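Please read it alongside the sequence and coordinates shown below.

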Amino acid sequence: MTRFVLRRLIALIAILFCISVGAFFLIHLLPGDPTVTILGPNDTPENRNALLKELGLNLPLWQQYLTWIWNVLQGNLGQSFITHQSVSKIISSAFPIDLELIILSQIMALGFSIPLAIASARRPNGLLDRASTTTSFGMLAIPPFILIVVLVLLFSIHLHIFPGPGSYVPFQQDPISNLHTMILPAIVLMVGSTTIYFRLLRADLIATLQQDFITVARSKGLSDRYIMWRHALRPSSLSLLASAGLNISGLVAGAFVVEYLLAIPGLGFELVNSIQQVDYLSVQSITLFVAVVIVLINFIIDFLFTVVDPRIARE
Amino acid sequence: MTMASERSENFPIHDENPGPLLKVRDLRTTFTTPRGKLNAVDGVSFDLARGETLGIVGESGSGKTVLSRSIMSLLPRSGLEQSGSIEFEGIEMLSATPDVLRTLWGAKISMVFQDPMTSLNPVVRIGRQITESLRLHTGMDKTEANAMAVSLLTQVGIPSPEQRVRNYPHQLSGGMRQRVMIAIALACSPRLVLADEPTTSLDVTVQAQILDVLAKLQEERHMSVILVSHDLGVVATRTDRIAVMYGGRIVEIAPTDRLFRAMAMPYTKALVASTPRLSQPSHVRLTAIEGRPPDLVHLPKGCAFSPRCSYATDKCHSEVPPLTASRDNASHLFACWNPLPSTPVAITTTPGSSAS
Ligand SMILES: Nc1ncnc2c1ncn2[C@@H]1O[C@H](COP(=O)(O)OP(=O)(O)OP(=O)(O)O)[C@@H](O)[C@H]1O
Ligand SMILES: [Mg+2]
């Protein structure tokens, strides 16, 4: 157990090092000049150079990288060049919004896909199975940025069921209205996950239900429902779990797009703003933070594998 | 022995009921396959007395598994045609509702499956796999059921059972898993246990141990057992009666000692000749039965074994021999136009030793 965690931790550090290097250098490839954002396009070259020096941007890239990473390691993510807000503050106020969005969407996705997969797997090629398989196939083909436009047009602008873009309310201020505004973006994120989870779980369940141990369970007189939940679901959920791990970065990216389109002040919204303003430090640190979160979630999922299937040794 | 008396208090045995435990009459199980109708079980009839052990032998594909699953009514009912009658303790299994069957399965009638490697759920602890039927059928609470699981593991000869109940199947050897399967099947002291090749996938020394455990527990609980095997040697010493299957039919059925004294079917004799013997050096080649098992979709005309039978006459190729009693022994039935003269065949050491 400790060896399992230790080995994963070492891998984690290596991965994060690579990501930090990647994030740093990719962002410095971005076109644009932070001094233009801060001083405007008409300032003198002297003033610009002075500002570059002040921000440390005149140093060689590797030195900038080391300074940044040294600060990050000490827990200091730096300050925005433009707003002078500390990046940690930006993250701590924006990240919970992403978290809420993603958790909400995943709860809904599992809430739909698990019962649907169970019902479909009970009668493969039955009416329900064919209907849901076809529907899920169609859903898979709709990209989220189109879905959000359609849903907003339909539910906010025409039907007025959900509030439209720009009406975000913080959870602490009013939980009900907050959930009301978050439902629509969560649905957009949910659709992709639901179809994937449904298809994987359905296929695995059908395979598991053919196994000898299911016949043995039936021969004990156990009810179909009990067999499904107790004997079939867990050994069938490995693909689902693996896909959840692979899916997580796509999910974060999806959340960012949706936030940006609906003006929800999550990390995605902040990140796009920072990129537009060529705010190097914010972009680097937010990117690194997101990478850490994604890696950590995968770390947790790896651990969940060993919980779901005892045969997967924790070594 | 104390164990046995403890158990009979928990599960009172009503053996005063008259008549056989199981009555199978003209059972037919037909699958619809792309090639046509396949009669996996084709008009099988027999009775099973309480406490009796019936062996069912036959080559691969002769319908042994389908027969035993039909008796339990465990086959998926879609795409399946069944006729005839299976009466178990007065209940007609073929027309029983799923709810009725679920009260019988695991409680009154249970099964030990062929492959212990795939018969246990890999993600559920051993203990739970034993206790779930106990809790369902006997209304024991968690602690009682757990204690019973430990006791059952002791009875099937698993060392340190307190630890084993917390294990997952992959932590056990094949032989131990099959012991666990027996513990599961016997948990609620069923009246009938169907053991479908319970030892085929295990090595020879373990085979004998497993069958001994099964025989011991059977005697303690006065259960009936149907022991399915393709190996006559396995059933020879552990059964009261043997039914020989060929092409979905019973072609010979007799008390075990009688069968080996006076087998009538050339097929039974061929089966004996193809049976490996422990006493034989392992390099002795077995005489495999000439030819191939019949195609169940298109059974040969006449006796299904006739194309492979060296005694076959014209009649054998054209008319199906009925299953009839031997002239000198009413409990010995066979379906053959040219039965063998009664010459004892030496394969058994102590025929019918497990008679109780
Ligand atoms: N679900 C099914 N659908 C179609 N045919 C089947 C099905 N199950 C079994 N059969 C066929 O029924 C016949 C009898 O099979 P069965 O499994 O009972 O043989 P067996 O005597 O148990 O053989 P073995 O010793 O190999 O276990 C075989 O020809 C098999 O192909
Ligand atoms: Mg079989």
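How many bridges join E4(B) to strand E5 (residues 91–92) of chain B? The answer is given in point 4, after the conventions and the overall description.

1. Conventions. This is a predicted model, in which local features require pLDDT of at least 70 and side-chain atom pairs count only at pLDDT 80 or more, while totals for chains, interfaces and linings use all residues. Residues are numbered from 1 along each chain as its sequence is written, chains are lettered from A and ligands numbered from 1 in the order in which they are written, and side-chain values use heavy atoms, without hydrogens and water.

2. Chain A. The domain assignment, which is automatic or taken from a database, divides chain A into domain 1 (2–73) and domain 2 (89–276). Their C-alpha centres are 35 Å apart. The UniProt record (unreviewed entry) places "domain: ABC transmembrane type-1" at residues 95–305 of chain A; such annotations may be inferred rather than shown by experiment, with shortened feature names and positions in the numbering used here. In the model, residues 95–305 of chain A are 81% helix and 0% strand, with end C-alpha atoms 26 Å apart. Helices (H or I, at least four residues) and strands (E, at least two) are DSSP runs numbered from the N terminus. Residues 140–162 of chain A are 70% helix and 0% strand, and their end C-alpha atoms lie 24 Å apart.

3. Chain B overall. Chain B contains 13 helices and 12 strands. Of its 356 residues, 54% are buried (under 20% relative accessible area, with exposed over 50% and partly exposed in between; 1.4 Å probe, protein chains only). Among contacts (heavy atoms within 4.5 Å) in chain B with a separation of 6 or more, 68% link residues 24 or more positions apart.

4. Strand pairing. Two strands pair if DSSP finds at least two bridges between them. Strand E1 (residues 22–33) of chain B and strand E4 (residues 80–88) of chain B are antiparallel over 8 bridges, with Leu22(B) opposite Phe88(B). As to the opening question, 2 bridges join E4(B) to E5(B), and these strands also run antiparallel. Phe88(B) has Ile91(B) as its bridge partner in E5(B). This hairpin has 2 residues between the strands, and Glu89(B) adopts a positive phi near 45 degrees.

5. Nonpolar cores. A nonpolar core is a set of buried Ala, Val, Leu, Ile, Met, Phe, Trp, Tyr and Cys residues joined through side-chain atoms within 4.5 Å. The largest has 105 residues, and Leu22(B), Phe46(B) and Leu192(B) are among those with the most contacts inside it. Helix H8 (residues 174–186) of chain B supplies its largest share, 8 residues. A separate core of 74 residues includes Ile69(A), Val72(A), Val87(A) and Val258(A). Beyond its neighbours within four places in sequence, Leu192(B) contacts residues including Leu22(B), Ile71(B), Phe88(B) and Ile226(B).

6. Positive phi in loops. Ser189(B), not a glycine, has a positive phi of about 50 degrees. Ser189(B) sits in the loop between H8 and strand E7 (192–196) of chain B, and is buried at 10% relative accessibility. His222(B) likewise has a positive phi, near 55 degrees. His222(B) is located in the loop between helix H9 (204–221) and strand E8 (224–229) of chain B, and is partly exposed, with a relative accessible area of 30%.
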